[in-house]
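Open the model in your viewer and keep the selection panel at hand.

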Amino acid sequence: MNAPKTYVQSPEAKAAYDKRWQRIMDCVALKQPDRMPTAMFCTFYLAKFGGITNRELMYNDVKATEIAERALLELEPDCYNPLVLNVAMGPVLEALDYKQLIWPGHGVGDHQPYQYLDREYMKAEEYDEFIFDPTAFYLTKYLPRVLGVFDGMEELPYLPGLHYFRLVGGMRAFAKPRVRAALEKIMKAAEEVERFSNVHIDFTNRMTAQGFPTSHISTSVAPYDLIADYLRGATGTMKDLYRNKDKLLEMLDKAAVFLTKQTIAWSRASGHPVVFFPEHWAPDRFMSQKQFETFWWPSFRKLMINLIDAGVIPMPLWEADCTKRLETIRDIPPGKCIYWFERTDMVKAFEVLGDVVALRGNISPSLLTTSTPDEVDAAVRHLAENVFHKGGKLILDAAFGLPDETPVENARAMYRAARKYAS
Amino acid sequence: MSEMTDQEKQLVTWLADMNEDDAFALAKKMLLEEGANPMRVLDLCRQAMDIVGKRFEQGEYFLPELVLAGEMLENIGAVAKPLITQGPGGEPKKLAKVLIGTVHGDLHDIGKNIVTFMLDINGFEVKDIGIDVPVKTFVDEINEFKPDVVGLSGFLTLAFDSMKETIAAIQEAGLRNKLKIMIGGGQVDEAVRNYTGADAFGTNAIEAVSLCKNWMGVAA
């Protein structure tokens, strides 16, 4: 196994690391940092930056690591997303036979990004089964549907209730050829996942030694988005708002509980307090305010409160425009979260939430991809002057990270301007 | 428009209010047991969809209602359409033709489908050519379908270049002056419209309908 190496952090690098991390933590605690911090989030932008194809970035972790390091050393953000983990996963996805995604080298062109396949991975009539026993549903239904290596596990017997000699006899299921084949494939794929995880850990260790902290390691999901994105599908869940309202609400409650357990465990295992939540179905235009307050917000708020109580710092990325949601999502304890906004007007977000959360974002993707460095500079200046210098605890970043197509000079302009207007 | 009976009013109300089960049961009863004219039932559905569209415009309804409305319409249509005996010509004249598709490289379709649905219920003849549509397919389809408006959809930032290439190819084929082009999708804004050379952009289905109506000189 490729165990991560140990890297020595020089006193200078430690000081740089501590300063960067302190800026982020000051923002979270609603204290004024020494200057406006920056964050970097990107995926296939690294291919553009390094002059390779998206496919190479997916399959060549050595190149991916080398380019990610170069990008960080050049752009010098105060924190960055686990870069390698988010791109160089081609071999892992192949090993698992992952079916919910198509990626360069596997279903899309070499220069395209990966794309998620929105489908019904759980049928409407399966709500009761999921709610009664999510683990059994995962093991024998969901995982075989989304990971090819689990094919055969649907032949496992229902385990709760096995007892005494029935328990002994029940073990016969593990002799079934399809179950055995599945177990062998799962173990083999897991070795590849372990190898890849070590590549990621090695990379973050190396960057830590050079003074660069990650913004987060773990990612989690809002209960509604778990169901809408990964189980029932987007339109399936929309219809459930009418057709299966009570079951959906029951499942949301349940998901808040198991996501709490899982997210705390992952955050602790990664040794990083910040957990990233890409929020897909919260925007103003997707559902009414009443639906948002009934279906989307309560279970997510419950999850966030549980996490905050456990010392986790939730970092939701509120995708699209969430202006109408601002008053509602204000209802959390102050100084505990980072709210990252994509298209919501950051000045407005600052007015409503400035005394409750740190803010992150939100240089527009169309600006970054189609405008000039001067225009990027002006957009950063606007946010610095109207949010950070007015007391907003803003972590400057692109709206949802650097778009894949961002010209390199525009990315440089964004971080250069952020330093120029930082204090 | 002929006066509605109480039963017909009830069907329209249930459909517009998202009362799916009652609406479907009533429509089935009217069609299969009472011998109602299927064209009349479909017209009632269209009237209900007008109300749904207005509620969407007014900010009362959102995506879930449009998705459910589309499905209710499809389910009733599946019962009604086999019963239609009259020949063609019964349908009202369409306002204009719209060709719509998601540009190459992008597989997203929820927004495109909703725009298609809203244009359809607003009286446009819409041809949806799917997702990840190559530039050449757009040009070929324009030559064949002869649309008044082309809608290019895309959610990812890669769609900016795909839209630009598609519009350039339409120009190259000498078709650009014969039609209007609108773009839409998650990241689209004025900067993207300018970059791609589209005539207009929209951020939701209502804006798409308004753009098409304005271009065709129909009161929005």
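Helices (H or I, at least four residues) and strands (E, at least two) are DSSP runs, numbered from the N terminus. This is a predicted model, in which local features need pLDDT of at least 70 and side-chain atom pairs count only at pLDDT 80 or more, while totals for chains, interfaces and linings use all residues. Residues are numbered from 1 along each chain as its sequence is written, chains are lettered from A and ligands numbered from 1 in the order in which they are written, and side-chain values use heavy atoms, with hydrogens and water left out.

**Stop 1: the second largest pocket**

Select α7(B), which gives the most to the lining of the second largest pocket, with three residues. A pocket here is an open set of points on a 1 Å grid over the protein atoms alone, with protein on both sides within 12 Å along at least five of seven lines; lining residues have an atom within 4 Å of a point. The volume of this pocket is about 360 Å³, where a volume is the space filled by probe spheres set on the points, and points are joined across faces, edges and corners. Next select A:Asn54, A:His111, A:Gln112, A:Glu405 and B:Leu158, the closest to the pocket centre of the 17 lining residues.

**Stop 2: where the chains touch**

Now show both chains. The contact (heavy atoms within 4.5 Å) takes 31 residues from chain A and 31 residues from chain B. Which side chains meet in a salt bridge at 2.7 Å, N to O? Select A:Lys239 and B:Glu71. A salt bridge is a side-chain nitrogen of Lys or Arg within 4 Å of a carboxyl oxygen of Asp or Glu, and the count between the two chains is three. On chain B, colour α4 (63-80), α7 (159-172) and α8 (190-196), each of which supplies at least two residues of the side that touches chain A. The largest share, seven residues, comes from α4(B).

**Stop 3: the cavity**

Finally, select A:Ile24, A:Cys79, A:Ser215, A:Met315, A:Ile338, A:Arg360 and A:Ile395, which line the largest cavity. A cavity is a set of grid points where a 1.4 Å probe fits but cannot get out. The volume of the largest cavity is about 30 Å³.
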